[in-house]
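Dear colleague,

I am passing on the structure below, and would be grateful if you could look it over alongside these notes. Please read them with the coordinates open.

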Amino acid sequence: MELIGSYWWKGAALSVLLVGCDNGANRAAEEPVVIAPEPEEPVLSEPDWGYSGDIGPENWASLDEGYAACSQGVEQSPIDVDVSTPPSRVPAITPDYSETPLVIFNNGRTIEVEVHEGDSLTVGDNQWDVVQFHFHANSEHTFDGAAYDLEMHVVHADEAGNLAVLGVVIEPGDHNASLDAIFNNLPRELSSPTQITGVTVNLAEVLPEELAAWRYSGSLTTPPCSEDVAWHVLSTPIEASLEQIGAFEGIFDDNYRPTQALNEREVDGVHWGYEPANGPDVWGDLSPYYESCRSGQEQSPIDIASMIDTPLAPVIEIDYGSTPLVIFNNGHTVEVEHEEGSRLAVGGNEWEVLQFHFHAASEHTLDASNERMEMHIVHRNADGGLAVLGAFIEEGMFNPDLEPVFANLPREEGDPTLVAGQMVNLSWILPMDLSAWRYNGSLTTPPCTEGVRWHVLKTPIQASASQIALFETVFDNNYRPTQALNDRML
Ligand SMILES: [Zn+2]
Ligand SMILES: [Zn+2]
């Protein structure tokens, strides 16, 4: 992003309005109104920097003392976005943008459009005023290493000077009429902000409908590379025709900063859970990546009619070995990572155990009734297909085979940790009788991906009241309600 031009512009705003009022209606459309910067303002007197050679991004910090953050900053922008992190719709990004006279200029590094005061962006409890927007080719942010053709940056500031930027990537596609006002009036040469009479632009029409974003704390992507910029990188690209993209690239085809190290930062993703505000009823609203949670037709868990007959069910064979106890609280459940080499085989298909974890109460229900808990053993085959073996846990006898897990439940969210000297063996935990209800379902947690082969054991396993109570002190409500069976059969 680029901030140059915005500060002196605030002072010039009044004169623009006057020019617009006096001349807008009568002036011929082809005759632009040029607003010169006030001479004492340092618009073009900054140390020169650019995008290649001695003045390129690698050398920005050496060009001026004030640019030190460009090399020393540890929260710099842009970054490469790991797209396996779901972009979030929460808190909602709410632009309040309106139609504005087009005031555009070429500052030597990008084409920038000034936005009149009063338009704002609200995200949760924060609100900023729009200052300007501009473009980069290629995109500055990359996504699993891949760049888009263009990226638009809408720069906002609040009264205290805090900055927020909305990043919107642009990909080749249909002609984008909402960009015509800008892309038909791109100044080829260095220029001062110029109002193009009779031409307006409306940022609200430029943005995609889907405003889910990756959010992180970063910096200006141009000198002085100042940090504490609240970045919102939209996950949905907008389209522009090759002609439109080419029009910009004909002026600037290399005005992007390379991606910077993430360092200690994390891109803020979706925070789903089991509370009303982030729970199963709204998972599908939290991120476009969670659409299956809302609209999927083969979702899990389901209610099972216990009397249902399954005469043709193939035999479930397990070949589970002991595994060192590597356990963690992932914020949604307590999970045990399983060593490689343990297998589930059903009807000629084979999967390998990845991990197992627990829900309280059970997720599947029997005749509409929950069991106290449910254990899920998650498997994957060579093609990436998932199979889950579900076992109800009812209150009964103390279960010594589960005790290594229950005696080491991590109360706080954290990374997988080896508990020295502790082994666990799933084949001892499971009942002797492995007959099961089988159906095609989904993950019971976001992203609710379908195509999961479910096997829910008919015989529950037991745990003592105190074992169950212990788990419930960590998670006592981490189950998804049952989903419609729709056209599926057990
Ligand atoms: Zn920018
Ligand atoms: Zn589960």
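What follows goes from the model as a whole to some of its parts.

This is a predicted model, in which local features need a pLDDT of at least 70 and side-chain atom pairs count only at pLDDT 80 or more, while totals for chains, interfaces and linings use all residues. Residues are numbered from 1 along each chain as its sequence is written, and chains are lettered from A and ligands numbered from 1 in the order in which they are written.

Confidence and overall layout

The pLDDT, which is the predictor's confidence in each residue on a scale from 0 to 100, averages 91 over the chain, and 90% of the residues score at least 70. Residues 4–32, however, have a pLDDT below 50, although this stretch has 40 contacts in the model beyond near neighbours in sequence; residues 36–42 are also below 50, with 7 such contacts. A contact here is a pair of residues whose C-beta atoms, placed from the backbone, lie within 7 Å.

The C-alpha atoms fill a box of roughly 85 × 50 × 40 Å along the principal axes. The domain assignment, which comes from an automatic or database source, gives domain 1 (6–249) and domain 2 (298–474), and the centres of these two domains, taken over C-alpha atoms, are separated by 50 Å. The secondary structure comes to 11 helices and 28 strands, where helices (H or I, at least four residues) and strands (E, at least two) are DSSP runs numbered from the N terminus. Of the 490 residues, 40% count as buried, a residue being buried if 20 or more other C-beta atoms lie within 10 Å of its own, exposed if 12 or fewer, and partly exposed in between, with C-beta atoms placed from the backbone.

Helix 11 and its surroundings

In helix 11 (residues 465–474), Q467, I468 and F471 are buried; seen down the helix axis, the buried residues fall within an arc of 95° (taken from the directions from the axis to the C-beta atoms), so they line one face of the helix. The face turned away from that buried side carries the exposed residues A465, S466 and T473. The cover over the buried residues of helix 11 includes strand 20 (349–360), strand 23 (373–380), strand 24 (386–395), helix 9 (403–406) and strand 28 (461–463).

Strand 20 also holds F356, which counts as buried because it has 25 C-beta neighbours inside 10 Å. Leaving aside residues up to four places away in sequence, F356 touches V336, H338, M375, H376, I377, V378 and L426.

Strand pairing

Strand 17 (residues 323–329) pairs with strand 25 (residues 417–424) in the antiparallel sense over 4 bridges, two strands being taken as paired if DSSP finds at least two bridges between them. Strand 17 is also joined by 4 bridges to strand 18 (residues 334–337), again running antiparallel. I327 stands opposite T417 in strand 25 and opposite V336 in strand 18. The hairpin of strand 17 and strand 18 has 4 residues between the strands, and G331 takes a positive phi near 95° there.

There is also an open sheet of 3 strands in the order 15-21-22, with mixed pairing, whose edge strands, strand 15 (303–304) and strand 22 (369–370), each pair on one side only. Strand 21 (residues 365–366) pairs with strand 22 in the antiparallel sense over 2 bridges, and L366 stands opposite S369 in strand 22.

Methods
Contact = placed C-beta atoms within 7 Å.
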